[in-house]
Structure formats: C-alpha cells, structure tokens
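Dear colleague,

I am handing over the structure we spoke about, with the sequence alongside. Please open it before reading on.

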Amino acid sequence: MNLHLNLHSQMQAAWDHVLATYQPGTIEMAGVMGMQIIGFVIPATIYMLIDVVFPKFSQRHKIQTARRQPTRAQIAHCVKVTLFNHVWIVAVHAALTYAAGFDKAMLNLDPTIPGWQTIVTDFIFGLLAREISFYYVHRALHHPSIYAHIHKMHHKYITPVAFAAEYAHPIEHLLANVLPITLPLYLKGAHFVSIMIFTVFELWEAAADHSGYDFLKLPPAEMHDLHHEKFRVNYGTIGLMDWIHGTDVVGWDRAKAKNA
Ligand SMILES: [Zn+2]
Ligand SMILES: [Zn+2]
C-alpha cells in the first residue's frame, strides 16, 4: 500500500478511536490545547533553547546583530504575556463548550476524515484567507489613530524572538492572530482534522517568522523580521498581498508621498 494511503488509514483508525472514547466537547478542547502546544509552545521553546544551548550557532544564524537582541528579562516578560494570551483563548473556548454542552460538537467532527485532496484544498484556502484577512487587519492596526493603543505592544520587540509572535494586546491577539487562522476554515465547514493540520502549521510559521533565525526558509522569516525592524513594510504573511499593494519594499510610502 502506498505511504499516503497507509498514513491516511492510520489517521482514520485513530479518529475512530477518539470518537468512540471521548465526548465531542472534550475532543475539541483537547484539540485546541494540543494545537497550541504542538504548533507553538514546543517550537518556540526549542528556538529559545538554541540561543542558550548553542550560542555560537545561534549568533551565526540570527538575522539581526547580537547587539540588538532582547535581554533575558525581556524574553521572560514576552513568554509570560504570550502564554497568558494562549490561556485566555483556551478559557474562552472552554466557556463556549460548557455553554453548548460537552455532548455537542461545535466543529465538524464527521466520522469520516477528509481525503488528502480536501486536506490540501483546505490548507491552500486557509493560507490565502489568512493572508488576505491578516494583511488588512495588520495594516489597520498600523493606522496612526489605532497603533499606539493596540499594535505598538507587538512592536516592542524590534529584534523578535519566537515567543514574540503572540506577544500582543488581547484585542490584536483575537483579531489578527486567532481569527484569521481559524475563522475562514470554520466558516467553510472544514473537518476538525483539517483545521488542526492547518493551525499547527500556521502557529509554527508564526513562531519561525519571529524566531530571528535565517534557517528554515519556507516561512519567510526575513520578511516579517524586516517588518519588526522597519515597521512600514511587509504587512502580510506569505508576501502575496504586499506584492499586490506594493508594500513589500522599504520606503513605499515615501515614494507615494513624493509622487502625490
Ligand atoms: Zn510580528
Ligand atoms: Zn506591525
């Protein structure tokens, strides 16, 4: 049997077992917490440990210079705020589950998990929907009348570290971090397994984008790192919307002002 089919039938068997063993509300709660731990907390901790365990290797691969790196106290503060953001999102989900009843599913927990084609389609749909929604929410957060109240907090780390990905005002965390990733696939009615695969990837991408390291180029870490360094450039996640709006080069706004 080929590998993809084999993996898929193993996933289906695991899903059958989960559905037969736990209530829908418990499955969703465990999934929401599991996604955050596997997609974000573990990778962000590993990125942080690289700096402590392999300082030489770390310095060689940091995008910005050692002089500009945050202090240990600043990193500890960042971790504390970020974990709080994760905890309150879980608490909101727990409250919704409690209100709906643990015996009812709020998400699509269909007994048959989707095929690879649907999982890939959901993934691409999620990627594009997140790029478009995050771009506009992020640009709005940079509006002079909003910036100081909300988004300035996320920009505290000019030289970001992985945990700084979710270092944000609670309103920003909900509007820019949580909803652009989860809402489009929820509205599409995607299967919970599909949502989990996509969310784990996106959370890891956010951690990698803020890690400050130049390796693992698939999520374009330099792009968002530059946003933290120069502010008015690269508002999106994969570069598509910045390319469309011409906001992918430093100074795009100055050039526009000159031509006006
Ligand atoms: Zn950022
Ligand atoms: Zn920003």
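Predicted model: local features only at pLDDT ≥ 70, side-chain atom pairs only at ≥ 80, totals over all residues.

Below is what was found in it, taken topic by topic.

I begin with the packing. The largest nonpolar core holds 21 residues, and within it A44, A162, F163, A164 and A207 are the ones that touch the most other members. Helices α2 (24-53) and α8 (192-210) each supply at least two residues of this core, and the contribution from α2, at six residues, is the greatest. A164 deserves a look of its own: once its neighbours within four places in sequence are set aside, A164 is in contact with C78, Y157 and H210. Apart from this core lies another, made of seven residues, which include L185, I195, I197 and F198.

After α4 comes G101, whose phi is positive, near 100°.

The record can be set beside the model here. An unreviewed UniProt entry places the feature "transmembrane region" at residues 33-54, 75-96 and 116-137. In the model, residues 33-54 are 95% helix and 0% strand, with end C-alpha atoms 30 Å apart, while residues 75-96 are 100% helix and 0% strand, with end C-alpha atoms 32 Å apart.

Finally, two residues in the loop between α9 (221-230) and α10 (240-245) may be worth checking by eye. F231 is found in that loop and has a positive phi, near 70°, although F231 is a residue other than glycine. N234 is placed in the loop between α9 and α10 as well, and it too has a positive phi without being a glycine, at about 50°. Are these two residues buried, exposed or partly exposed? F231 has 15 other C-beta atoms within 10 Å and is therefore partly exposed, whereas N234, with 25 C-beta neighbours inside 10 Å, counts as buried because 20 or more are required for that class.

With best wishes

Technical notes:
Residues numbered from 1 in each chain as written. Chains lettered and ligands numbered in written order. Core = buried A, V, L, I, M, F, W, Y, C linked by C-beta atoms within 7 Å. Buried ≥ 20, exposed ≤ 12 C-beta atoms within 10 Å, placed from the backbone. Helix = DSSP H or I, 4+ residues; strand = E, 2+ residues; numbered from the N terminus. Contact = placed C-beta atoms within 7 Å. UniProt positions renumbered as here; feature names shortened; annotations may be inferred.
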